[in-house]
Each structure stands twice: as structure tokens, then as C-alpha cells.
Amino acid sequence: MLILGIETSCDDTSVAIYDTKQGLIINKVVHQKNVHANYGGIVPELASEYHLKYIQSTLKKILKKSYILISDISGVAYTAGPGLERSLAIGASFACALAYSLSIPSVGIHHLEGHLLTTMLENKKPNFPFLGLIISGAHTQLILANSLGTYKILGDCLDDALGEAFDKTANLLGINYPGGKKLSILAKYGNSQRFFFPRPMIKQSGVNFSFSGLKTYVKNVICSYSKIDHQTRCDVARAFEDAILDTIEIKCRRALNFTQCKNLVIAGGVSANHAIRKRLNQVMRSRGGKLFFSKQSLCTDNAAMIAYVGSIRLKKNASRKIFIRPRWCLEDLSKP
Ligand code: KG4
Ligand code: ZN
């Protein structure tokens, strides 16, 4: 069975085809990074305009490239939320209209369930129950995944999400949006002994996160220089990343102790970060557990994860009813 996935929750237009027998066939992402770079963040009106512009041509391209006919598709899965309302509406309308015209079912998928289950597309798959750490541009959550569709949020972010903190700090260092990846490249060349930044919320019990204070701290350090040279930028980036690594390690260890999970899954755009992968790999090895993550291209937003979750959910919840939920809690999936 071939499932078409459509993801338009934020600023990337993505279309993918997942085969329930062979796995992922094709995934294409059209980035809008250049469109939003000048604004320092995503402009929702522009994001939806570009989804509208690219969605049909992206579908045509993947069908052509994979030699699949649209009539071979058995179901359409789309991101129903959480995300930007206008962007979600474009993907949902396109997906449902297509499914209706082909007389096949459609299903709305939770974006974060997509991220959480992306590692199921890899050869090395985690077994339930597992601890999930979603670190993206919009979310930072520690989740106990008991079984498919049954998720408990153990910790959440009280302000800026981790990706947002990376992007805003990168912006302070003169890097265009989204600067998370470039900041981590600068950090590689930084001296870890020059600055020490606070590790936010490690003294409070629990596993919630807060990164806006750290970002303000970095801003004050940068503002104390009249001119910031390249090495100082690298040293600041390194101190920022080190503070993130320690904070994440402490929170993950707490959540692992609490849940007794042996498997840790990291997902979302920031899980592409090599230093985070390395640190959490060491943590899991020291506990006799395993760390799971996706290939780089599937860490950031993509339709492959939506098509995969769709292939499971279409069996249960197939309908032609269109819906979007810009604010949608992952725990609500287990509610009837
Ligand atoms: O999951 P995603 O594509 O979007 C949301 O659903 O929010 O994540 C995008 C985020 C951006 O903030 C980007 O800067 C960050 O992921 N990111 C990284 C890296 N690669 C992407 N942050 C740190 N290190 C990276 N290597
Ligand atoms: Zn995402």
C-alpha cells in the first residue's frame, strides 16, 4: 500500500511516499529559508503563500522521479497540527481534495507524533516503551512513549524552544535565520574555557526547560564587546552549546531514572546536532541503554514521518473529514 504524506506545518513544503512493504520510497522538502531569512523568523502569511506555490509541483516531481502514478496511491496523510494555522490549512485542503478526487481515505496526523516516530524509518528501531526528547524550532518536550498513540509529557519548555534559542543566539552572532546548524559549526572551533554560561533550571526539580534566560545572558556578554572578532564568536557559540549539552544531559538522566526506560529517542530539527548526539550517546552507553536518532535529512520537518504515521493511522482512523488543530497536545491522541 502506497501512502502519500504532506507536511506544511511551518515553513517547509514537503511531500513523500511511503510503501507499507518497502518502506520510504521518496521524500522531498522545498525549503523557504531564504524567504524568511531577512525577517529573522518565519512570516506566517509568506509561509502559506509559498506552500500554495510549491505544493502541487512538489507532488508532480516526486511522482515523476519515483515512476509512481497518482492512481497507485491508497491513502493521503497530512499534518493537521500543531503548527501555523494558514500553513496547516493549505496542506490539509490539498490532501483532502486530492483524496476525495481519487476516492481514497485521508487522515490528519500530529506533527510531533511524526517526529517521535521518524526513527521507525531507520534500520535501528526503538521498542516501546521509550523516552522521547523532541527538540525542534517550536518544541522542547520530554515524552514517555508507552505504546503507539499513548504518550505522556513529562517535561515541557516554559519559554523559547531549544531550536528557537539556537536561532536567536545565532542571530546575535550575526548568523541568518535559521542559524542553529551554523552556530554549532562555530562552536567546534571555540575555546570551552573562555566563557561559562548558566545551565537553566537545573536546580529546580522536574524536567521542564527554559532557554530565554540563557539567550539574554549571551546577549549581555556579546553587548559587552564593542566589536566581536571571529574567535570570540566561536568561543561564545561553544559556551552556549556546552550549557545546552549539560542541561539536556541532566534533564534526560532525571527522566530516565524516573521512567526506567532503556531507550532514548531524540527527534526534531535540533536532534541533527552532532554534539548533542555524541553527549546523549555517552549517557545511554553509561546506563547500558541505547540512543536512537534519524538520518540528518529526516530530523527537520519532512513528509516522510507523516506518511509513515499515516500508514499506521489510516488503518484505524481513516476518514474524509478535514480538520486542522494549530494547538494540539500530544497527550490528546490517546483520548477518545
Ligand atoms: O523540526 P524543525 O525542522 O522545525 C520545527 O518543527 O520547529 O526544526 C528546525 C530547528 C531550527 O531551529 C534549526 O536551527 C534547528 O532545528 N537545527 C539545529 C541544527 N540543525 C537544525 N540546531 C542546532 N544544531 C543543528 N545541527
Ligand atoms: Zn517539526
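## A salt-bridge network

Let's start with a cluster of charged side chains: Arg199, Asp246, Glu249, Arg253 and Arg279 are joined in a network of salt bridges. Please keep in mind that the model is predicted. Across the structure there are 14 salt bridges, and some of the others are worth a visit too.

## Pairs that bridge the chain

Side chains of opposite charge can pair when their charged atoms come close. Glutamate 113 and arginine 313 form one such salt bridge, with their closest N and O atoms 2.8 Å apart. This pair ties together distant parts of the chain, since glutamate 113 sits in helix H4 and arginine 313 in helix H10 (residues 304-317), 200 residues apart. Both glutamate 113 and arginine 313 are buried.

Lysine 33 and aspartate 12 also meet through their side chains in a salt bridge, at 3.4 Å from N to O. Here the link runs between helix H1 (residues 33-37), which holds lysine 33, and strand E2 (residues 12-19), which holds aspartate 12; the two residues are 21 residues apart. Aspartate 12 has a relative accessible area of 3%, so it is buried, while lysine 33 has 26% and is therefore partly exposed. Another salt bridge joins aspartate 160 to lysine 168, with 3.4 Å between the closest N and O atoms. Aspartate 160 is buried, with a relative accessible area of 8%, and lysine 168 is partly exposed at 34%.

## The zinc site

Now for the metal. The zinc ion (ligand 2) is coordinated by His111 (NE2), His115 (NE2) and Asp301 (OD), at 2.1 Å. Along the chain, its donors follow the spacing H-x3-H-x185-D. The four donor atoms around the zinc ion subtend angles of 93 to 149 degrees, and the arrangement is therefore irregular. For a tetrahedral label, all angles would have to lie between 85 and 135 degrees.

Helix H4 (residues 111-117) supplies both histidines: histidine 111 and histidine 115 are four residues apart in it, so about one helical turn separates them. Histidine 111 and histidine 115 are both buried.

## Helix H8 from end to end

Helix H8 covers residues 230-259, and its 30 residues should span 44 Å at 1.5 Å a residue; the end C-alpha atoms lie 43 Å apart, which agrees. Of these 30 residues, 21 are buried, so H8 is largely enclosed by the rest of the structure.

Both ends of the helix have a detail to look at. At the start of H8, aspartate 229 places a side-chain oxygen within 3.3 Å of the backbone nitrogen of glutamine 231. Just after H8, glutamine 260 adopts a positive phi of about 60 degrees.

## Cysteines without partners

How many disulfides does the structure hold? The count is zero. Take cysteine 223: the closest cysteine sulfur belongs to cysteine 234 and is 19 Å from its own, which is too far for a bond. Cysteine 223 has 57% relative accessibility, so it counts as exposed.

Cysteine 299 is likewise in no disulfide, and the nearest cysteine sulfur, in cysteine 252, is 15 Å away. With a relative accessibility of 1%, cysteine 299 counts as buried.

Note on methods: Residues numbered from 1 in each chain as written. Chains lettered and ligands numbered in written order. Predicted model: local features only at pLDDT ≥ 70, side-chain atom pairs only at ≥ 80, totals over all residues. Heavy atoms only, no water. Expected span 1.5 Å × (residues − 1). Buried < 20%, exposed > 50% of the residue type's maximum accessible area, 1.4 Å probe, protein only. Polar contact = N/O pair within 3.5 Å; in protein donor to acceptor, adjacent residues only side chain to side chain. Donors = N, O, S within 2.8 Å, 3.2 Å for Na, K, Ca; no water. Tetrahedral: all angles 85-135°; square planar, octahedral: opposite > 155°, others 65-115°. Disulfide = S-S within 2.5 Å. Salt bridge = Lys/Arg side-chain N within 4 Å of Asp/Glu carboxyl O.
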